[in-house]
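Dear colleague,

I am handing over the structure we spoke about, and below it you will find what came out of going through it. Please read the notes with the model open beside them.

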Amino acid sequence: MLGDKNAIATIAVHDVEVAKKFYGGKLGLQLVSDEMGNATYKTGNTTMLVYKSDYAGTNKATSATWLVDDVEGLVKTLKAKGVVFEHYDFPGMTRNGDVHLAGKYKLAWFIDPDGNIHHLFQG
């Protein structure tokens, strides 16, 4: 049924204009549509919809995950642009700066201006 269909991340924000500065400016996502108060970005082979919602930032779990080749390099680049990284104490995981280590996996989490949690994963 849905196994051969693409899914997109949908991120609720309080102010789409502020979010556009973060997602386009700091994260470097390409804006592909800016219609009806929503912003749609290209990310890899899919898209991400950023939309206004009174419930923005209320999700306390990860909103989107990016599969990346170099977590450390990306963390350094994003930090230089002012992106704030989160630190978590998960069982079996250690941390080197902002990068969490779990065996061969490297992970990092950051938040957007509304408090939405985003994840970088290198496996």
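Two strands are taken as paired if DSSP finds at least two bridges between them. The model is a predicted one, and every value below is computed from it.

On that basis, there is an open sheet of four strands in the order E1-E4-E3-E2, and its pairing is mixed. Its edges are formed by strand E1 (9-13) and strand E2 (30-35), each of which pairs on one side only. On average, and with direction ignored, neighbouring strands of this sheet are turned by 20° against each other. Within the sheet, E1 and strand E4 (residues 46-52) run parallel and are joined by five bridges, and Ala12 stands opposite Tyr51 in E4.

Helix H1 (residues 16-26) comes next. The buried residues of H1 are Val16, Ala19, Lys20, Phe22 and Tyr23. Seen down the axis of H1, these buried residues fall within an arc of 170°, so they line one face of the helix. They pack against E1, E2, strand E3 (38-43) and E4, and also against E9 and E10.

That brings in a further set of strands. Strand E10 (residues 117-122) is mostly covered, with five of its six residues buried. Strand E5 (residues 62-67) pairs with E10 in the parallel sense over five bridges, and there Trp66 has Leu120 of E10 as its bridge partner. Strand E9 (residues 105-111), by contrast, pairs with E10 in the antiparallel sense, over six bridges, with Lys106 facing Gln122 of E10 as its bridge partner. E9 and E10 form a hairpin with five residues between them, and in the turn Gly115 has a positive phi of about 90°.

The aromatic side chains deserve a separate paragraph. A search of the whole structure finds nine aromatic pairs. In one of them, the ring centres of Phe22 and Tyr23 are 5.1 Å apart and the planes stand at 85°, so the pair is edge-to-face; both Phe22 and Tyr23 are buried. Phe85 and Phe110 also form an edge-to-face pair, at 5.7 Å centre to centre and with 65° between the planes. Because Phe85 lies in strand E6 (residues 84-86) and Phe110 in strand E9, this pair ties together parts that are 25 residues apart in sequence.

Are Phe85 and Phe110 buried or exposed? A residue counts as buried when its relative accessible area is under 20%. Phe85, with a relative accessible area of 8%, is therefore buried, and Phe110, at 1% relative accessibility, counts as buried too. Finally, ring pairs link Phe22, Tyr23, Tyr41, Trp66, Phe85 and Phe110 into a cluster. Of these, Phe22 and Tyr23 are among the buried residues of H1, while Trp66 is the residue whose bridge partner in E10 is Leu120.

With best regards

How values were computed
Residues numbered from 1 in each chain as written. Predicted model: local features only at pLDDT ≥ 70, side-chain atom pairs only at ≥ 80, totals over all residues. Heavy atoms only, no water. Helix = DSSP H or I, 4+ residues; strand = E, 2+ residues; numbered from the N terminus. Axes fitted to C-alpha atoms, helices over the stretch in contact; angles between N-to-C directions. Buried < 20%, exposed > 50% of the residue type's maximum accessible area, 1.4 Å probe, protein only. Arc of directions from axis to C-beta. Contact = heavy atoms within 4.5 Å. Phe/Tyr/Trp six-rings, centres within 6.5 Å; stacked < 30°, edge-to-face > 60°.
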